[in-house]
Amino acid sequence: MGLSIPHGAVYWLWLQRRLGVGSHVILTVAETEGGARYVYESTPDQLWASGRFSVKTINALNDRSLDAEERILRRCEELGISVTTPDEADYPRRLLSIPDPPAVLFYKGRLADMCARPCISIVGTRKATDYGMQATYELSQRLSRAGMTVVSGCARGIDTAAHNGALETVSGGTIAVLGCGINYRYNMANEGLRRTISEKGALVSEYAPDIDSSPYHFPVRNRIISGLSLGTIVMEADSKSGSLITATRAAEQGRDVYVVATGLGAPNSSGISRLTREMEAKEVRSPMDVLKHYVSMYPMHLTLDGAERELMFGNEPQRLPVRTEPDPMPSDHLDESFQPPADQLPTDLSDGARKVYGLLRPQPQLLDSIAAQAEMSAAEILNVITELEIYGCITVHPGSRYSLI
């Protein structure tokens, strides 16, 4: 995907820097006609007359200089880091349903593609057991293969296993939400993982590229992990684990909370017991325990094939699988000589839809593959696919796959 820095990003960045990350005012601005630019160009009296902003907020916005914000955006251009804001098509829509959405997201990778699929977050302790790592890896891989995007925080332990499991599938369906700038050298043991995620999935932060990590950043960051997701799965966690914060935020946001149960007294089990007791978290023993809640909402994205098979629970630690080639394409070999019957297309079909139609075959293809062939962005390909679907030109299959009628 190419670099994307919208012109209006400077105003949203100005707003974030004046109000701080996690401000509830951002949602008010996102719902205001004209967005951040309107706020920037309004006088204090106009903001007060709108009835949407407090005196404290208006006073915080007195400094109208954009010098620092423009420097940050130039730095993004140098580093190849894209930017999105609440008024852009590639901004994750689910984040606008939480009370404190980020004003700005910096990212590398295929953010819109990843968010086009139903998302589930998997979090847990940095000090995971061998069993916890194996179970996380397997669950993540199977949920990704079923059509979900796995969201986590790219920390050591459970987060790492969650990302690696998703990366083993064709889609590489994973989003890493960082508690520092994308260019900051934090947790260098995972530098290779971050690079792979930025190529196959999406690396995301609300912090400017060179901002360092801080203990304060991570609890604030966790609202984005849960906010992007339909639900949060906690794998292993003691009573002081930061993953409990993510689960709490998920519950506050109206998302589902899941746990993978361990035996009483087992390592990292106290946090799991607390979630089960206080939040009535749903127990997960197989991917079906998660997928069954969403398959009716996303019938064209999710598949239940093999989802009922339980995770490989056991007392003996199991070695993580060696990285192999990704799963084969879920379709037969494509006939390159096949030509779709263009004379059957509606006369008012857009040029983009005609182009994509010409790339389709009777065998299902993944959305990512179609987008790559058409050289279209995620937003463009989704609009075209929707157009073709409305006109009855294509068949939609589970797992974000499409074919000719």
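Guide: Ile122 has Ile233 as its bridge partner, the latter lying in β7. The model is a predicted one, and what follows should be read with that in mind. The two strands concerned are β3, residues 119-123, and β7, residues 231-234, which pair in the parallel sense over three bridges. They belong to an open sheet of nine strands, whose order is β1-β2-β6-β5-β4-β3-β7-β8-β9 and whose pairing is mixed. At the edges stand β1 (82-84) and β9 (282-283), each of which has a single partner strand, so that one side of each is left without a neighbour in the sheet.

Thr136 itself is found in helix α8, which covers residues 130-145. With a relative accessible area of 0%, Thr136 is buried, because the cut-off for that term is under 20%.

A disulfide is a covalent bond between the sulfur atoms of two cysteines. For Cys154, the closest cysteine sulfur is that of Cys180, at 9.1 Å, which is too far for a bond, because a disulfide is counted here when the two sulfur atoms are within 2.5 Å. Cys154 is buried, with a relative accessible area of 4%, and Cys180 is buried as well, at 1%. A search of the whole structure finds zero disulfides.

In soluble globular proteins, nonpolar side chains tend to be buried together. The largest nonpolar core here has 36 residues, and those with the most contacts inside it are Trp12, Leu15, Val29, Val39 and Phe106. At least two residues of this core are supplied by each of α1 (9-19), α2 (25-30), α3 (35-41), α6 (67-79) and α10 (191-200), and α1 gives the most, with seven residues. Val29, taken as one example, is in contact with Trp12, Leu15, Gly35, Ala36, Val39 and Phe53, leaving aside its neighbours within four places in sequence. Apart from this core lies another, of 28 residues, among them Leu111, Cys115, Val177 and Ile272.

Key
Residues are numbered from 1 along each chain as its sequence is written. This is a predicted model: local features need pLDDT of at least 70, side-chain atom pairs count only at pLDDT 80 or more; totals for chains, interfaces and linings use all residues. Side-chain values use heavy atoms; hydrogens and water are left out. Helices (H or I, at least four residues) and strands (E, at least two) are DSSP runs, numbered from the N terminus. Buried means under 20% relative accessible area, exposed over 50%, partly exposed in between (1.4 Å probe, protein chains only). A nonpolar core is a set of buried Ala, Val, Leu, Ile, Met, Phe, Trp, Tyr and Cys residues joined through side-chain atoms within 4.5 Å. Contact means heavy atoms within 4.5 Å. Two strands pair if DSSP finds at least two bridges between them.
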